[in-house]
Number of protein chains: 2
Amino acid sequence: MSSPSPKFELFARFAEVAKALGNAHRLVILELLAQRERSVDDLASAARLSVANASQHLRLMRKVGFLVSRRNGTQILYRVSDPAVLDLVKALHRVGERNVAEVREIVGGYFRERDALEPVSREQLSRRMRDGLVTVLDVRPEDEFDAGHLPQAINAPLRELEKQLRDLPKDRDVVAYCRGPYCVFAFEAVALLRQHGFSARRLEDGFPEWKAADLPVA
Amino acid sequence: MSSPSPKFELFARFAEVAKALGNAHRLVILELLAQRERSVDDLASAARLSVANASQHLRLMRKVGFLVSRRNGTQILYRVSDPAVLDLVKALHRVGERNVAEVREIVGGYFRERDALEPVSREQLSRRMRDGLVTVLDVRPEDEFDAGHLPQAINAPLRELEKQLRDLPKDRDVVAYCRGPYCVFAFEAVALLRQHGFSARRLEDGFPEWKAADLPVA
DNA sequence: AAAGTATTCAACATAATTATTGAATTGTAT
DNA sequence: ATACAATTCAATAATTATGTTGAATACTTT
């Protein structure tokens with residue numbers, strides 16, 4: 001029973017951090033928190049978890065340093081502690097997408113016309129916004145839009161997009177974005193827009209990545 | 001019993017990938033494989049695991065795409081499939097080191113004089129090597145050195161370093177490196193060298209990071 | 001100070017992970 | 001072909017993670 005070496009001890013800590021990423025519900029919560037600060041029961045209902053269960057997941061992620069919390073009035077608000085956490089999630093996505101055959105199937109199936117939809121890169125969008133050539137559509141729920149969005153973006157939550165279509169200029173390209181690379185809202189928005197004769201594309205990923213790249217935010 | 005959404009399915013896959021990182025032994029194996037290709041029982045003994053157990057860990061990491069294997073004669077050799085995997089591990093280290101209080105304690109305790117030892121960055125070392133001002137010491141085991149090392153580096157495994165000391169020029173700075181940022185060999189080598197009057201520092205991380213940065217390798 | 005609410009805790013049942021043993025494969029080499 | 005070695009598989013036991021339920025806490029607000 002030799003005591004484990006300090007280095008093994010260190011790696012055991014890193015393993016604990018990785019374990020905190022190793023649950024789909026927690027990844028969902030992290031994506032939600034990447035948009036904005038949220039309360040426990042807000043998260044619980046958004047992620048379809050019991051409050052107690054959500055609380056447990058949050059506690060665990062706070063323990064490994066992913067999240068910090070503060071009290072505001074009667075509720076406790078959680079947020080992501082550090083952009084490095086989002087970088088870690090992004091690195092996970094990259095490896096997952098690259099290496100796991102099943103992920104390629106899911107991505108290629110449900111997010112089927114991924115390439116056909118020709119995502120616009122942040123740099124491209126940024127340039128075209130400067131030139132005023134493009135309508136930018138934020139298709140996330142209103143609360144997430146309010147917490148921060150791209151400059152000039154119009155909030156059009158998917159359910160209300162159809163109503164708002166008549167207000168959009170038909171002669172300009174539309175770029176839609178939502179929570180991140182695996183958020184389906186933008187895909188569906190682009191499909192709907194194209195059905196109605198718009199020239200529409202989606203941003204390659206979402207608001208958190210835009211913000212993380214230090215691009216301007218409103 | 002609504003079936004889980006495709007997006008949740010996708011996140012469940014990512015969670016599986018993260019779980020594969022969530023075990024200290026697997027992180028040790030990954031660090032070993034970052035140095036060079038190795039056989040199962042080679043890894044088992046290096047990581048102090050039973051062969052069957054090591055085989056299980058390897059199988060799991062191959063399943064999530066971290067590793068690939070090939071047969072060579074009688075044994076099966078594993079290696080890391082993609083540099084993105086090492087990026088993921090690095091992102092994990094960064095978050096772990098940044099956010100987990102206990103990690104800071106371990107790092108600050110065992111790797112205590114971390115800052116006092118003033119690590120040299122890859123860029124600094126690269127420059128000083130070009131100017132020929134520095135002796136570069138690879139303190140990893142010989143087999144790892146043979147599989148790839150920094151140009152001009154001298155292999156001096158820690159156990160033999162003391163014997164080799166007399167052959168080192170005393171008027172030049174020495175920079176030692178080993179497997180990565182948490183590998184203790186370089187720390188101990190620097191300590192030993194300083195005891196013997198050398199001006200010694202360690203490289204900020206190790207060989208895999210050097211190689212990943214596309215710097216020249218021998 | 002009391003009442004009310006959001007959150008956390010504790011205890012449990014179920015499920016998943018880990019390490020061990022020994023047997024079964026799968027290839028190489030004689 | 002047969003023997004051999006390296007690796008993988010299968011079955012087990014022990015540990016750890018997950019999600020419920022209902023009760024306890026810790027605040028705010030009145």
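A few ground rules come before the tour. Residues are numbered from 1 along each chain as its sequence is written, and chains are lettered from A, with ligands numbered from 1, in the order in which they are written. Because the model is predicted, local features need pLDDT of at least 70 and side-chain atom pairs count only at pLDDT 80 or more, while totals for chains, interfaces and linings use all residues; side-chain values use heavy atoms, with hydrogens and water left out.

Let us start with chain A as a whole. Its C-alpha atoms fill a box of roughly 75 × 45 × 30 Å along the principal axes. Chain A holds eleven helices and seven strands; helices here are DSSP runs of H or I with at least four residues, strands are runs of E with at least two, and both are numbered from the N terminus. Of the 218 residues in chain A, 51% are buried, where buried means under 20% relative accessible area, exposed means over 50%, and partly exposed lies in between, using a 1.4 Å probe and protein chains only. Among contacts (heavy atoms within 4.5 Å) in chain A with a separation of 6 or more, 63% join residues 24 or more positions apart.

Now look at the strands. Two strands are said to pair if DSSP finds at least two bridges between them. In chain A, four strands make an open sheet with parallel pairing, in the order β5-β4-β6-β7. The edges are taken by β5 (154-155) and β7 (200-202) of chain A, each with a single partner strand, so one side of each has no neighbour in the sheet. Further in, β4 (residues 134-138) and β6 (residues 173-177) of chain A run parallel and are joined by five bridges.

β2 (residues 67-72) of chain A and β3(A) pair in the antiparallel sense over six bridges, and R79(A) in β3(A) is the bridge partner of V68(A). Together β2(A) and β3(A) form a hairpin with two residues between them, and G73(A) in the turn has a positive phi of about 60 degrees.

Follow the chain past β3 and you reach D82(A), in the loop between β3 and α5 (83-99) of chain A. Is D82(A) buried or exposed? D82(A) is buried, with a relative accessible area of 11%. The side chain of D82(A) reaches the backbone nitrogen of A84(A) at 2.7 Å. D82(A) also touches R98(B) and N99(B), leaving aside residues up to four places away in sequence.

That brings in the second copy. The same surface serves both copies, as 100% of the contact residues of chain B recur in chain A.

Finally, the DNA. A residue counts as near a strand if one of its heavy atoms lies within 4 Å of it. Which residues come nearest to DNA strand C? Of the 22 residues around DNA strand C, they are S55(A), R59(A), Y78(A), H25(B) and H57(B). Of the atoms of DNA strand C within 4 Å of the protein, 77% belong to sugar or phosphate and the rest to bases. The side chain of Y78(A) places an N or O atom 2.9 Å from a phosphate oxygen of DNA strand C, and a polar side-chain atom of H25(B) lies 3.2 Å from a phosphate oxygen of DNA strand C. α4(A) gives the most to the surface near DNA strand C, with five residues.

For DNA strand D, the largest share of the nearby surface, five residues, comes from α4(B). A polar backbone atom of I76(B) is 3.1 Å from a phosphate oxygen of DNA strand D.

Conventions
Polar contact = N/O pair within 3.5 Å; in protein donor to acceptor, adjacent residues only side chain to side chain.
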